[in-house]
Amino acid sequence: VINGTCIGGHLAGYGASTQEDWTGATIRIQVGLLIFLAGFIGNMWHDDELREIRRVAARKQKQKAKVQGGKGKEGKVDKVYEVPENGLFRLVLYPHFFCEWIEWCGFWVIGGWGCVPARNFVINEMTTMIPRALSGKRWYIQRFGKEKIGSRRAVIPGLI
């Protein structure tokens, strides 16, 4: 809500309001929209990959309970932790974070480089998510070992 209010207020108060302001904006908006959509699709796809791990575990647990003659835990799935292997998970452990940043950078491009709230949102996301990703990488190494994690980075392919 706060992010939407800040961005909306900025665009309403400082956004393009004259014909001159809109000159050349079409390309910027189209490029920004493509970047946003690429990040959005990547974010959703990688989130779904994580959910698929739980769905597979739920099917296995349900099948196991059926074979054993019990009903099992209705609707509950024992926590299952795996290292995802598809998409950008081959390169980083938190590609959904990375794709979200791409998504919001696209929005920043749409709003224009002067859209301070969009820029601040990207920066705030990165500064809060990078420590979480680094901590998560340490957890993955502790849980699965350095060999299993290999050369995967935490969140930005080839960097962090």
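Select Ile-130 first: leaving aside residues within four places in sequence, Ile-130 is in contact with Trp-101, Val-155 and Ile-160. Contact here means heavy atoms within 4.5 Å. This is a predicted model, in which local features need pLDDT of at least 70 and side-chain atom pairs count only at pLDDT 80 or more, while totals for chains, interfaces and linings use all residues. Residues are numbered from 1 along each chain as its sequence is written, and side-chain values use heavy atoms, with hydrogens and water left out.

**Stop 1: around Ile-130**

Ile-130 is found in helix α5, residues 116–144. Helices (H or I, at least four residues) and strands (E, at least two) are DSSP runs, numbered from the N terminus. Tyr-94 is 36 residues from Ile-130 along the chain, and their C-alpha atoms are separated by 9.6 Å.

Stay in helix α5 and select Ser-135. Buried means under 20% relative accessible area, exposed over 50%, and partly exposed in between (1.4 Å probe, protein chains only). From the C-alpha atom of Ser-135 to that of Ala-154, 19 residues apart along the chain, the separation is 8.7 Å.

**Stop 2: Arg-152**

Go on to Arg-152, in the segment after α6 (146–149). Arg-152 counts as buried because its relative accessibility is 6%. Which side chain is joined to that of Arg-152 by a polar contact? Show Glu-85: the polar contact between the two side chains is 2.9 Å. A polar contact is a pair of N or O atoms within 3.5 Å; within protein, one must be able to donate a hydrogen and the other to accept it, and residues adjacent in sequence count only if both atoms are side-chain atoms.

Next show the backbone of Phe-89. Its oxygen lies 2.7 Å from a polar atom of the Arg-152 side chain. Not counting residues up to four places away in sequence, the residues that Arg-152 touches include Val-83, Pro-84, Leu-91, Val-92 and Lys-137.

**Stop 3**

Move to helix α1 (residues 2–14), where Cys-6 is found. Cys-6 counts as partly exposed because its relative accessibility is 41%. Select Phe-121 with Cys-6: they are 115 residues apart in sequence and 9.6 Å apart in space, C-alpha to C-alpha.

Then select Ala-25 in helix α3 (residues 25–67). Ala-25 is buried because its relative accessible area is 1%. Draw a line from Ala-25 to Gly-150: these residues are 125 apart in sequence and 44 Å apart in space, C-alpha to C-alpha.

**Last stop: the whole chain**

The C-alpha trace spans about 70 × 35 × 25 Å along its principal axes. Buried residues make up 29% of the 160 residues. Among contacts between residues at least 6 apart in sequence, 73% join residues at least 24 apart.

Colour by charge to finish. The chain has 23 positive and 14 negative side chains, and the centres of the two sets lie 10 Å apart. Lys and Arg count as positive and Asp and Glu as negative; His and the chain ends are not counted. The place of a charge is taken as NZ of Lys, CZ of Arg, CG of Asp or CD of Glu.
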